[in-house]
Amino acid sequence: MPTGDRAGEPTLLDPKNPVVAGFAYLFGLVLLVGGAGAAVFCVVSAFTQDMESTGDWILLAATFLATLLVAVMGYRVFTSYRADRAQTIALADHGVDAEALVLSAVLLPGRDTDDVLDIHVRVTGSGFEDFEAAQKLTGDGFEGIVEGAVLPARVNPSNLVFSLKRLRTPRAARP
């Protein structure tokens, strides 16, 4: 989800395609419905089962809280991806082409396999005032970005949500 805290604050968006968003919606919905259903089952069980010991009540309460947590996580996944997809569509429909000048790019050691690029850019284009933004980027397509590089960007002038085009580095030819 875009990370801007205030309206009008420049926010980098990693556009989501419809297939990824669809799977995320489905995953979030399964968590939401499954967790909520299990939580309801716990509540019904509390009123219909014979709870003879404190341990039974503690187990039921712990199960209820765990299933409630799963339902909340499902809701957050569903709404987060829905908001990202809406921003992606708005950026495609109302965005303008721009350029992002890399003011600094520092490669940070990543966790597991992906390195993290801490990047500071100045975005310029027509229809909005130039702005600067600092973001952390992960994934393919951002390797080899150095200070002074100019990246293609797209900006929604109404809310300063922007995306940077990933660069495809040519792969080495096989002998």
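Strands here are DSSP runs of E with at least two residues, helices are runs of H or I with at least four, and both are numbered from the N terminus.

A word on the source: this is a predicted model, in which local features need pLDDT of at least 70 and side-chain atom pairs count only at pLDDT 80 or more, while totals for chains, interfaces and linings use all residues. Residues are numbered from 1 along each chain as its sequence is written, and side-chain values use heavy atoms, with hydrogens and water left out.

**The overall fold**

The protein chain holds 2 helices and 6 strands, in the order β-α-α-β-β-β-β-β along the sequence. Of its 175 residues, 29% are buried, where buried means under 20% relative accessible area, exposed over 50%, and partly exposed in between, using a 1.4 Å probe and protein chains only. Take the contacts (heavy atoms within 4.5 Å) with a separation of 6 or more: 64% of them link residues 24 or more positions apart.

**How the strands pair**

Two strands count as paired if DSSP finds at least two bridges between them.

| Strand pair | Sense | Bridges |
|---|---|---|
| E2 and E3 | antiparallel | 10 bridges |
| E3 and E4 | antiparallel | 8 bridges |

Leu101 has Arg122 in E3 as its bridge partner.

**The nonpolar core**

What goes into a nonpolar core? By definition, buried Ala, Val, Leu, Ile, Met, Phe, Trp, Tyr and Cys residues joined through side-chain atoms within 4.5 Å. The largest one has 19 residues, and Ile119, Val123, Val155, Phe162 and Leu164 touch the most other members. Strands E2 (96–108), E3 (116–125), E4 (131–138), E5 (150–156) and E6 (161–164) each give two or more residues to this core, with the largest share, 4 residues, coming from E3. Leaving out residues up to four places away in sequence, Val123 touches Ala98, Glu99, Ala100, Phe128, Asp130, Phe131, Val155 and Phe162.

**Helix H2 and Thr88**

Helix H2 covers residues 54–94, and its 41 residues should span 60 Å at 1.5 Å a residue; the end C-alpha atoms are 59 Å apart, which agrees. The expected span is 1.5 Å times one less than the number of residues. Buried residues in H2 include Leu60, Ala71, Asp84, Arg85 and Leu91, and their cover includes helix H1 (18–48), E5 and E6.

Thr88 also belongs to H2. Is Thr88 buried or exposed? Thr88 counts as buried because its relative accessible area is 11%. The Thr88 side chain reaches the backbone oxygen of Asp84 at 2.8 Å. Beyond residues up to four places away in sequence, Thr88 touches Leu13, Pro15 and Lys16.

Conventions. A polar contact is a pair of N or O atoms within 3.5 Å; within protein, one must be able to donate a hydrogen and the other to accept it, and residues adjacent in sequence count only if both atoms are side-chain atoms.
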